[in-house]
Every structure is written in structure tokens, then in C-alpha cells.
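This report examines how selected parts of one protein chain are packed.

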Amino acid sequence: MRPLEGIAVVELGMWVAAPAAATMLADWGADVVKVEAPTGDPNRYTLKHVGQDIDSAPPFETDNRGKRGIVLDLRSQDGKDVLERLLERADVFVTNLRPGALERLGLSPDALRTRHPRLVVGTLTGYGWTGAERDRAGYDVSAFWARPGIAAMLNPAGEPPPGIRPGLGDRTAAANLVAGVLAALLRRERTGEGGVVDVSLLRSGTYANGNDLALQNFFGKRGRTRHRTEHESPLYNSYRAADDRWFWLVGLEGNRHWPGVVKALGREDLETDERFATGKARRGHVRELIAEFDEEFAKRPLAEWAERFDAEGVWWAPVQSLAEVAADPQAEAVGAFVEQPGMGDAPPLRTVATPVAFWGVDEKPRGGAPTLGEHTDEVLRELN
């Protein structure tokens, strides 16, 4: 039995964040009804938005599998009435519409809780429900990466911020929303009362950036992000092997990991070099040590370094391409990928699993993403 069997969820969401949260709930057993406008979730057309004449939308399918999809025009009274009937029998309502839009539809958390006191309302916004900017539009690149300071910390000062891959912040916030919804459901079991779960991309981003913000708040400043050739911890840095493969040393505890690294390098002489003999000395000569490492690591391909690292207990990881990740046997072993039914007549799709495994529970998606309005008649019949 999946852990959320018997839980009814209504999703009024678009793009990634709220739909991804509802997909987690669906994978874990909830009956999720996805409500879309007649034009559909814009993520259905994600490849067309960037000029590709392709009907397939693998990102949409990934974030909407296992749901039943219906079309409602919430500008009409009939559409509002059907949504209200759905909410009457629902345990959870998940949405990422902005506060003002929800208020205009009569779907603000306060209004919903008045009409449906047992309902758990999960809202995912860019900038929250309070403050002057609560109705500002926010994708993850703006509200999760740029605004909370993450993008500014990724490159050294003076360099432009790096390009951000889509959906990373959305899925982080989605996991936060799911955690809050589950906590609210647990509280409802004890009290009989629903509640409001308020997750924003901005607050999720500040939490994700918590290490640097903790230092900023404590010291009133933060150490600068350095180029890899002058990284303050050479044992916690990226390097390139002879076959142009990059990897990361992850020797965060310098004194503990230092002996294994120099043995793997075959450079035990570095242990007695006064520039590198202690952690304090290494910190004062990071450029020289990184240059030594660069020269040595360029002499062998990554496969040889992998054997040497593992033999000496060195902590490290390869920098993999997406193709390598998709074929990674360890990723396969931990269940990182699943095959889900295709949308409509499309073939099955291999895509990412949710980040949590429940031992002894079937994790296969129960269905693919719905075509636009696929289950409208079915759900309306259930509502009589």
C-alpha cells in the first residue's frame, strides 16, 4: 500500500513547482485531479515556447504523471461550481497561482478554510502572501536563484552570474511544499482541523543558501567566491584529468584527507614541504598547491585516478554529463529513474523518480500525464 492511498488532492497549478509537488503526492498514492484552463498548462508547450516545432513535452509529462486531468473555465460560474464540488471531497488543495489571482477567484486560503475547515491548503508562490511584492511574478530563476543571493555566490565577484538550469529551484520548493502538506495532514489527524501551508520560492532560496546567509548575518560580511585556481581549500576543489574529464575532490576535513590524497598522487614529498605541511600552511599557499595538483592530475586519465583514489580512501566524485548520469549504474541502483506510460498514444517515457523511496512499496508511476481534459467527463460523472 502506498503511503497516501485514500488522500484526495486537487491541483490548480502550472509550469513546475506546484505540479511537481502534486506529482510526488500522486506517486505516493494520492488521487490527484489536475485542473487546467481551456488553453492548458503552459508547460505542455514548453519546447514550443523556445521556438521548437515539437508537440512532445517530456518536462510536462515528468511533473504531471499519475494525475487525472480536467478542464474548467473558472471565469464561468459552472467552472467555479465544479471546482467547489471537488474541494468539498478533497483533503488537499495545491496551487501556485499568485495571491491576487486566488483572491479574485474566491480561492484565498482564508476563504477556502472558511468553507472547508478540514482542507489542507498548500500554496506555492514566488514571494509569499505578505509584503509589498506578494503579487510579483516569480519563476525559480528570479525568486529562488537571483533574489536570495545564490546566483551572486556561484562566480567570483565581477564575473556575470552563470546560466541557471530550469526547474532546480522549483523542485526544491515543491519538496518543501510536500513536507508541509504532510505535516498539516498529520496535525489534522490529531485535531480534525486543516490548515494553510505557505511556501515561497524566495524563502526556499534563502533556506537553501543558509550557510552563506548564516555567515553574513553573524559577521556582517561573507568571504568572496574564488576562482578554482585560488580556492581556499585545494582539497575541496575541481580538477581535470589527462583525458579532459573533470572531477571534484571532496576532502572537506583537510588534515584528515591530506595523507590519502598525496599517496594517491604518489607525491608524499608534499607532506614534508613546509608550504603544505599543515592546514594553516596550505591555506597560505593555495595557488602553489593547486598548481601542483593540476600538473599531477593532468598526467593520468580519470579511470586511473579513480582506482588510486579508491585505494587510498580519497573522497571524490566525477563531473558527469547528463548522458553519463542517465547511464550511471549507481543512479539506477538507487531508483533515480522510472519508466512511465506515455501521454495519450505516446510511447513510454524514461524520466526521473521522486526523491524518496519507501521500502517495500511499488514505486512505478500509476499512469502517464493526462492529455488536456482527458478525465473531465469521468470526474464530472463522479460528482453527479
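## Packing of helix 14

The buried residues of helix 14 pack against strand 7 (238–240), strand 8 (246–249), helix 12 (254–265), helix 13 (279–284) and helix 15 (302–311). Here contact means heavy atoms within 4.5 Å; buried means under 20% relative accessible area, exposed over 50%, and partly exposed in between, with a 1.4 Å probe and protein chains only. Helices (H or I, at least four residues) and strands (E, at least two) are DSSP runs, numbered from the N terminus.

The model is predicted: local features need pLDDT of at least 70 and side-chain atom pairs count only at pLDDT 80 or more, whereas totals for chains, interfaces and linings use all residues. Residues are numbered from 1 along each chain as its sequence is written, and side-chain values use heavy atoms, with hydrogens and water left out.

## Geometry and faces of helix 14

Helix 14 comprises 12 residues, 286–297, which at 1.5 Å a residue should span 16 Å; the end C-alpha atoms are 16 Å apart, in agreement. The expected span is 1.5 Å times one less than the number of residues.

V286, L289, I290, E292, F293, E296 and F297 are the buried residues of helix 14. Viewed down the helix axis, they fall within an arc of 155 degrees and so line one face; the arc is that of the directions from the helix axis to the C-beta atoms. An α-helix has 3.6 residues a turn, so residues three or four places apart point the same way. R287 and E295 are exposed on the other side of helix 14.

## Nonpolar cores

A nonpolar core is a set of buried Ala, Val, Leu, Ile, Met, Phe, Trp, Tyr and Cys residues joined through side-chain atoms within 4.5 Å. The largest has 34 residues, of which V9, V92 and L177 touch the most other members. Elements giving two or more residues to this core include helix 1 (17–27), strand 4 (92–95) and helix 9 (168–191). Helix 1 gives the most, with eight residues.

Leaving aside residues up to four places away in sequence, V9 touches L25, A30, D31, V32, V33, V92 and V94. A second, separate core of 22 residues has L86, L112, L119 and L383 among its members.

## Positive phi angles

W15 is not a glycine, yet has a positive phi of about 60 degrees. W15 lies in the loop between strand 1 (8–12) and helix 1, and is partly exposed, with a relative accessible area of 25%.

D244, also a residue other than glycine, has a positive phi near 65 degrees. D244 is found in the loop between strand 7 and strand 8 and is exposed, with a relative accessible area of 56%.
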